[in-house]
Amino acid sequence: MAGTLYTYPENFRAYKVLIAARYSGVAVKVAADYVHGETNRSEAFLKKFPLGKVPAFETKDGKYLTESNAIAFYVANEQLRGTTDVHRAEVVSFLSSADNELLPAVQSWVFPVLGIMPFNKNNVEHAKEDLRRQLTALNSRLTKQTFLVGERVTLADIVVMATLLPAYEYVLDPSFRAPFGAVNRWFLTVLNQPQVKQVVESVTLCAKVAQVDPKKYAEFQARTGGGSGGARAEKTDKPEKKKEKKPAAAAEVAEQPDAADELLAAEPKQNDPFETLPKGTFNFDDFKRFYSNEEEAKSIPYFWTKFDPANYSIWYGEYKYPEELTKVFMSCNLITGMFQRLDKMRKQSFASVCLFGEDNNSTISGVWVWRGQDLAFKLSPDWQVDYEVYDWKKLDPASEETKKLVSQYFSWSGTDKSGRKFNQGKIFK
């Protein structure tokens, strides 16, 4: 299954193939000398791939494949393709609907924002409604399960996530995505899987809908010769600006990734929300190192000697819907997913979240510490995906009850309020 993938950088269609290859352990090499607009118009390339489209894939034994979903399916393993007849059919169904239903809606809304196509109000409004309808259906399904098909990541998750990626970056602001909590949790869970993060390096969720600027489309037309494909993409290497490495979804159609990259590179850099709060004296890095290397008999007293109650606070969070928790491993996935989606909180936060009980009789709760005196999740739209499904209570650092609770959760012991025994825990650090 090994082979060479021809694509331009940050092509969301190529992401599908590269992520699938990471999961299945297939060696996929990206052609380093590919230049979009030149390589794919050469006689040698067109002899292999007559339509000149990318991504295109050349197998190690000299076979040629096109269409991103087909290539991703080729490099995928059995788990990604579906382990039963029903699951395989469901995976194919999601791959089809992603291209035929989701993608047109995403493109019709996002492309005018990027300046890749002219703005048409009716088209954009129709796209919003189409996308809202699709997200409603996905939300209904994901309310009952962690992933789209079965209990593990499949090609359905990879392809749908990649298709929605530009929308989540540019147009799905907090108010639009608010009704789709299950989809949001799923999206960020998939996006933060190790195999996905190796391919898609950095994504910032849309905080405010990007506005259409007619000048962008005029500039794009001038740059591309009226969209005729006359200009070619310039190869750049700017490792010091990781924020520039964003998916250029629109470039696939327009064949001009350089234009989309320029628009993306102009995005303002996002600051750490905690930086607006007083710094205080508590050093999270120091405590996390001590906690990781010492027994709780030492690390818990160390926490109290270093904790700065004037500038940091302690909170207790309890999952609101324990009746919905079934299998223990699925409940643990909820915790892991939340941690992954809060990755940028780690520097100024620490938490121990525990699962008590067993299959079909469990609860999730945890003790959190962070910089500032208010709920930290409200500091950033990116951090608000999960927190509303928990009840939050600020704890008094001076009380004996808080000290007992911190000791219990930091040492992973005891029972919950209903007497369920500690099952397992996870540390956010």
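**Stop 1: the largest cavity**

The largest cavity in this predicted model holds about 40 Å³ of space. By the rule used here, the count comes to 1 cavity of 30 Å³ or more. To find the place, select Gly317, Ile335, Met338, Phe339, Val353, Ser365, Gly366, Trp368, Tyr390 and Trp392, which line the largest cavity. What classes of residue make up this lining? There are 7 nonpolar and 3 polar residues, and no charged residues.

Now colour helix H16 (328–341), strand S7 (361–371) and strand S8 (390–395). Each of these elements supplies at least two residues of the lining of the largest cavity.

**Stop 2**

Select strand S5, residues 312–319. Is this strand largely enclosed or largely open? Of its 8 residues, 7 are buried, so S5 is largely enclosed by the rest of the structure.

One place to look is Ser313, which stands opposite Trp370 in S7.

**Stop 3**

Tyr319 leads on to another space. Select Gly181, Ala182, Arg185, Tyr319 and Val389: among the 34 residues that line the second largest pocket, these lie nearest its centre. The volume of this pocket is about 810 Å³. The elements that give two or more residues to its lining are H6, helix H8 (174–177), H9 and H16. Which element gives the largest share? H16 does, with 7 residues. By class, the lining of this pocket divides into 15 nonpolar, 12 polar and 7 charged residues.

**Stop 2: the largest nonpolar core**

Select Leu131, Leu164, Trp186 and Phe187. These are the residues with the most contacts inside the largest nonpolar core, which has 69 residues. To see where the core comes from, show helix H1 (12–24), helix H3 (68–75), helix H5 (85–114), helix H6 (121–142), helix H7 (155–170) and helix H9 (181–191), the elements that give two or more residues to this core. H5 gives the largest share, 13 residues.

While helix H6 is shown, pick out Leu135, which is found in this helix. Is Leu135 buried or exposed? Leu135 has a relative accessible area of 1%; buried means under 20%, so this residue counts as buried. Then select Asn184 and draw a distance between the two C-alpha atoms. Leu135 and Asn184 are 49 residues apart along the chain, and their C-alpha atoms are separated by 9.7 Å.

**Stop 3: a sheet of four strands**

Move to the open sheet formed by 4 strands in the order S2-S1-S3-S4, with mixed pairing. Which strands stand at the edges? They are strand S2 (28–30) and strand S4 (64–66); each has a single partner strand, so one side of each is left without a neighbour in the sheet. On average, neighbouring strands of this sheet are turned by 25° against each other, direction ignored.

Zoom in on strand S3, residues 56–59, which runs antiparallel to S4 and is joined to it by 3 bridges. Select Phe57 to see one end of a bridge; its partner in S4 is Leu65.

A cis peptide bond joins Val54 and Pro55, with omega about 5°. Most peptide bonds are trans.

**Stop 6**

Most residues other than glycine have a negative phi. The last two selections go the other way.

Select Asn360, in the loop between strand S6 (349–358) and S7. Asn360 is not a glycine, yet its phi is positive, about 65°. How accessible is Asn360? Its relative accessibility is 57%; exposed means over 50%, so Asn360 counts as exposed.

Finish at Trp412, in the loop between helix H17 (400–411) and strand S9 (422–428). The phi of Trp412 is near 55°, again a positive value in a residue other than glycine. With a relative accessible area of 33%, Trp412 is partly exposed.

Terms used
Residues are numbered from 1 along each chain as its sequence is written. This is a predicted model: local features need pLDDT of at least 70, side-chain atom pairs count only at pLDDT 80 or more; totals for chains, interfaces and linings use all residues. Side-chain values use heavy atoms; hydrogens and water are left out. On a 1 Å grid over the protein atoms alone, a cavity is a set of points where a 1.4 Å probe fits but cannot get out, and a pocket is an open set with protein on both sides within 12 Å along at least five of seven lines; lining residues have an atom within 4 Å of a point. Grid points are joined across faces, edges and corners, and a volume is the space filled by probe spheres set on the points. Ala, Val, Leu, Ile, Met, Phe, Trp, Tyr, Cys and Pro count as nonpolar, Asp, Glu, Lys and Arg as charged, and the others, Gly among them, as polar. Two strands pair if DSSP finds at least two bridges between them. Axes are lines fitted to C-alpha atoms, for helices over the stretch in contact, and angles run from 0 to 180 degrees between N-to-C directions. Buried means under 20% relative accessible area, exposed over 50%, partly exposed in between (1.4 Å probe, protein chains only). A nonpolar core is a set of buried Ala, Val, Leu, Ile, Met, Phe, Trp, Tyr and Cys residues joined through side-chain atoms within 4.5 Å.
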